[in-house]
Amino acid sequence: DTFSQNVIIHPLPQALFSALDVCDGNEVNFVNQSVESNVSIVEYIWDFGDNSTSFDLSINHLFENYGSYQICLSVIDENSCSNVYCDSLIIRPNPIASFEYFNFCSPDSVCSQTEISFNSNSYINPLGGEIDSAFWYLNSSLEASYVDSSIFSTFFSAGQSIFSLHV
């Protein structure tokens, strides 16, 4: 005696997404690139690695802190077949702008027509990479930018001036 039965083996859906690393405070755009098998995907489950989830097809997500996150997307199709794709993402910290200046008058004032030098002591957490450029402003007007040097020197006329550094 022989017994036979046909068994249908369903192909798995393929979970896949793309996203770019961003700086802290910016939303990440997760693009769902999952591929259906022979039937439709009916459920998407995002795990952002920060104790939050979503069931949207594609989504923008804002992380509360900078750091490295393991993101996973699970997909389930009409046949209850499932697949998971995980990838890491880095939320980079923002640089902290800071500078000091050197002059020969007093600590909080500058003599007119005297050269003053500004030195950037801006910094960034190592996860953020390196500061590659900065822009020096005098009274909201761009005065200089730097890539290789963090020192800027200028002469001032009499009056009050606001000096700022953007990194």
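The disulfide link of Cys72 and Cys86 is right-handed, with 110° about the S-S bond. Its sulfur atoms lie 2.0 Å apart, where a disulfide is taken as a pair of cysteine sulfur atoms within 2.5 Å. The structure holds one disulfide. This pair connects distant parts of the chain, with Cys72 in strand E7 and Cys86 in strand E8, 14 residues apart. The model is predicted, so that local features need pLDDT of at least 70 and side-chain atom pairs count only at pLDDT 80 or more, while totals for chains, interfaces and linings use all residues. Residues are numbered from 1 along each chain as its sequence is written, and side-chain values use heavy atoms, with hydrogens and water left out.

Accessibility was classed as buried (under 20% relative accessible area), exposed (over 50%) or partly exposed (in between), with a 1.4 Å probe and protein chains only. Cys72 is buried, at a relative accessible area of 17%, whereas Cys86 is partly exposed, at 33%. Cys81 is also a buried residue, with a relative accessible area of 13%. The closest cysteine sulfur to that of Cys81 belongs to Cys86 and is 19 Å away, too far for a bond. Cys23 has a relative accessible area of 34% and is therefore partly exposed.

Helices (H or I, at least four residues) and strands (E, at least two) are DSSP runs, numbered from the N terminus. Two strands were taken to pair if DSSP finds at least two bridges between them. Strand E7 (residues 67–77) runs antiparallel to E8, and ten bridges join the two. Within this pairing, Ser68 has Ile90 of E8 as its bridge partner. E7 and E8 form a hairpin with four residues between them, and Ser80 in the turn has a positive phi of about 65°. Strand E8 (residues 82–92) is also joined by two bridges to strand E2 (residues 22–23), and these two strands run parallel. Here Cys23 has Arg92 in E8 as its bridge partner.

A separate description applies to an open sheet of three strands, ordered E1-E3-E6 with antiparallel pairing. Its edge strands are E1 (17–18) and E6 (59–61), each of which pairs on one side only. Strand E3 (residues 28–32) is joined to E6 by three bridges, and Val28 stands opposite His61 in E6.

Aromatic rings of Phe, Tyr and Trp (its six-membered ring) were paired if their centres lie within 6.5 Å, with planes under 30 degrees apart counted as stacked, over 60 as edge-to-face and the rest as tilted. Phe63 and Tyr69 are both buried. The pair of Phe99 and Trp136 is edge-to-face, at 5.8 Å centre to centre and 70° between the planes. Because Phe99 lies in strand E9 (residues 99–102) and Trp136 in strand E11 (residues 134–138), this pair ties together parts that are 37 residues apart in sequence. Phe99 is partly exposed at 28% relative accessibility, whereas Trp136 is buried at 1%. Ring pairs also link Phe17, Phe30, Trp46, Phe48, Phe63, Tyr69 and Tyr85 into a cluster.

Asn119 is located in strand E10 (residues 115–120) and counts as buried, at 19% relative accessibility. Leaving aside neighbours within four places in sequence, the contacts of Asn119 (heavy atoms within 4.5 Å) include Phe99, Trp136 and Ile151.
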